[in-house]
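Reader: Could you walk me through this model and tell me what stands behind each label you use?

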Amino acid sequence: MYQAPRGTSDILPQQQVYFKHIADKASLAAYLYGYERIDTPVFEDFGLFSHSIGEETEIVVKEMYVFKDKGDKVLALRPEGTAPLCRAYIEHGMGSLPQPVRLYYFASAFRYERPQAGRYRQHHQFGFEAIGDADPALDVEIIDLAWQLYTSLGIDQLSLYLNSIGCKACRPGYVQALKDYYSPQLSQLCPDCQARWQRNPLRLLDCKQPACQEKAVQAPQSLDHLCVYCRGHFAEVKRHLEALGLPYTLNPRLVRGLDYYTNTVFEIQLRTSSLALGGGGRYDNLIEQLGGKPTPAVGFATGVERIIGYLKEHGIPVPPSPRPEVAIVYLGEAAKSDALKLASELRSEKVAVLLAAGGRSLKGQLRHAGSLGARYVLIVAEDEMRSGTVTLRDMSSHEQKSVPRGEIARFLSPKSQPG
Ligand code: AMP
């Protein structure tokens with residue numbers, strides 16, 4: 001028997017209500033902050049991701065779904081949403097629009113990770129990006145948007161972690177300081193970190209191995225190596241956060257897993273878990289790196305499954321999806337076409353109806369309608385239809401009455417009717 005691939009899941013109807021609820025809140029936030037929706041393809045050129053996320057990052061080296069199509073083109077399933085969005089920004093000449101261009105996306109993302117709670121091979125993200133302006137106020141707008149989105153979903157007990165990892169000018173000096181610090185103790189690091197020292201030294205700081213974490217405590221901090229511009233930018237970000245009353249904690253070991261970040265980086269976590277609900281930061285060089293003009297930008301992405309995990313764990317209810325309150329059953333095969341016709345008429349009046357189907361007896365159909373939660377059942381009989389009436393049965397009181405076919409909606413509860 002086939003099963004969904006490991007680390008993926010079907011989104012069953014009872015899960016859809018969570019997705020819809022989160023999508024409603026995220027699109028409301030997008031509207032309130034002026035972000036417009038964009039959708040990009042599920043797969044892109046492999047090079048787009050390797051050049052932006054970084055050839056040596058864990059995502060590119062270990063986690064990407066890469067394949068050749070029948071024309072021998074090397075493609076990859078999207079592991080994240082920012083690089084495709086920047087590709088689209090360049091491709092569609094959005095640089096000529098008033099800047100910043102504010103965009104948001106809702107997309108599935110694919111990473112070959114070891115599946116565990118909150119970590120899947122296919123997951124979903126909402127992402128928000130403000131492209132085309134270096135103003136620190138935009139960093140804070142994005143952080144505030146993320147914070148308000150979580151709050152609107154009933155998620156409290158949040159921690160905001162903040163760091164600055166510098167820019168083209170000051171990062172190389174910092175990376176060198178980091179390498180110098182780790183160099184004499186390389187043999188005491190885990191094998192992954194020994195490779196990171198060569199390939200991706202910033203990631204030495206967020207290794208989860210206890211021995212490596214111990215070393216990271218004393219490691220040089222990027223905040224001590226910032227250039228004048230980055231120091232000024234970061235000071236402004238903190239000042240605006242304080243003005244908004246958004247509490248933050250500086251975390252000198254926060255580096256994020258993607259190479260394109262510059263200056264501000266942040267993550268929002270639950271106080272009760274070390275998994276990030278969402279994170280983001282500035283990526284001021286990415287668009288230029290992908291062939292566009294120098295264009296500063298800042299963004300944020302949140303995992304949807306992690307939000308759902310929280311809502312379920314804390315018993316936070318989400319609005320149920322509306323179901324038809326009216327079912328139509330029929331008396332004998334001859335009335336079946338009439339039942340179909342009546343269902344169609346009611347739907348054109350925006351009344352949602354479920355049609356009994358299959359070969360059940362009238363009693364069987366009524367029982368079935370009850371089990372589907374119908375509040376009313378319309379019983380269609382051939383002779384009654386000819387005289388222009390149907391029988392309306394109230395499923396809770398079991399009362400039945402004959403009602404004119406054209407006036408059915410009047411006898412239903414307001415919830416069943418067009419709204
Ligand atoms: P990242 O691009 O790694 O910062 O991811 C952004 C957000 O997506 C994270 O904060 C998580 O909420 C979510 N996320 C990332 N990877 C996974 C995964 N493998 N499974 C579920 N959610 C994920």
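Predicted model: local features only at pLDDT ≥ 70, side-chain atom pairs only at ≥ 80, totals over all residues.

Reader: Why is α2 called roughly perpendicular to α4?

Author: The axes of helix α2 (residues 46-53) and helix α4 (residues 82-91) cross at roughly 110 degrees and come within 9 Å. Angles of 65 to 115 degrees count as roughly perpendicular, under 35 as roughly parallel, over 145 as roughly antiparallel and the rest as oblique, so α2 is roughly perpendicular to α4. The axes are lines fitted to C-alpha atoms, for helices over the stretch in contact, with angles running from 0 to 180 degrees between N-to-C directions. Helices (H or I, at least four residues) and strands (E, at least two) are DSSP runs, numbered from the N terminus.

Reader: Which residues of α2 and α4 meet?

Author: On the α2 side they are Leu-48, Phe-49 and Ser-52, and on the α4 side Ala-83, Pro-84 and Arg-87. Contact means heavy atoms within 4.5 Å. The residues of this contact divide into 4 nonpolar, 1 polar and 1 charged.

Reader: On to the rings: how many aromatic pairs does a search of the whole structure find?

Author: The search gives 11 aromatic pairs. Rings of Phe, Tyr and Trp (its six-membered ring) pair if their centres lie within 6.5 Å; planes under 30 degrees apart count as stacked, over 60 as edge-to-face and the rest as tilted.

Reader: What makes the pair of Phe-106 and Phe-126 stacked?

Author: The planes of Phe-106 and Phe-126 are 15 degrees apart and the centres 4.4 Å, which puts the pair in the stacked class. Phe-106 belongs to strand β5 (residues 101-110) and Phe-126 to strand β6 (residues 122-131), so the pair ties together parts 20 residues apart in sequence.

Reader: Is Phe-126 buried or exposed?

Author: Buried means under 20% relative accessible area, exposed over 50%, and partly exposed in between (1.4 Å probe, protein chains only). Phe-126 has 2%, so it is buried.

Reader: How do you know that the charged end of Arg-121 sits over the ring of Tyr-112?

Author: The charged end of Arg-121 is 3.9 Å from the ring centre of Tyr-112. A charge sits over a ring if NZ of Lys or CZ of Arg is within 6 Å of the ring centre and within 35 degrees of the ring normal. Lys-179 lies over the face of Trp-197 too, at 4.5 Å from the ring centre.

Reader: What about the backbone: which residues are joined by a cis peptide bond?

Author: Gln-99 and Pro-100 are, with omega about -5 degrees. Pro-100 is in the loop between α4 and β5.

Reader: What is the phi of Asp-72, and what is the phi of Asn-263?

Author: Asp-72 has phi near 65 degrees, positive in a residue other than glycine. The phi of Asn-263, again not a glycine, is near 50 degrees. Asp-72 is in the loop between β3 (66-68) and β4 (74-77), and its relative accessible area of 55% makes Asp-72 exposed. Asn-263 is in strand β9 (residues 262-270), and at 1% relative accessibility Asn-263 counts as buried.

Reader: What makes Ala-109 buried?

Author: Ala-109, in strand β5, has 2% relative accessibility, so Ala-109 counts as buried. Leaving aside neighbours within four places in sequence, the contacts of Ala-109 include Arg-78, Pro-79 and Arg-121.

Terms used. Residues numbered from 1 in each chain as written. Heavy atoms only, no water. Nonpolar A, V, L, I, M, F, W, Y, C, P; charged D, E, K, R; others polar.
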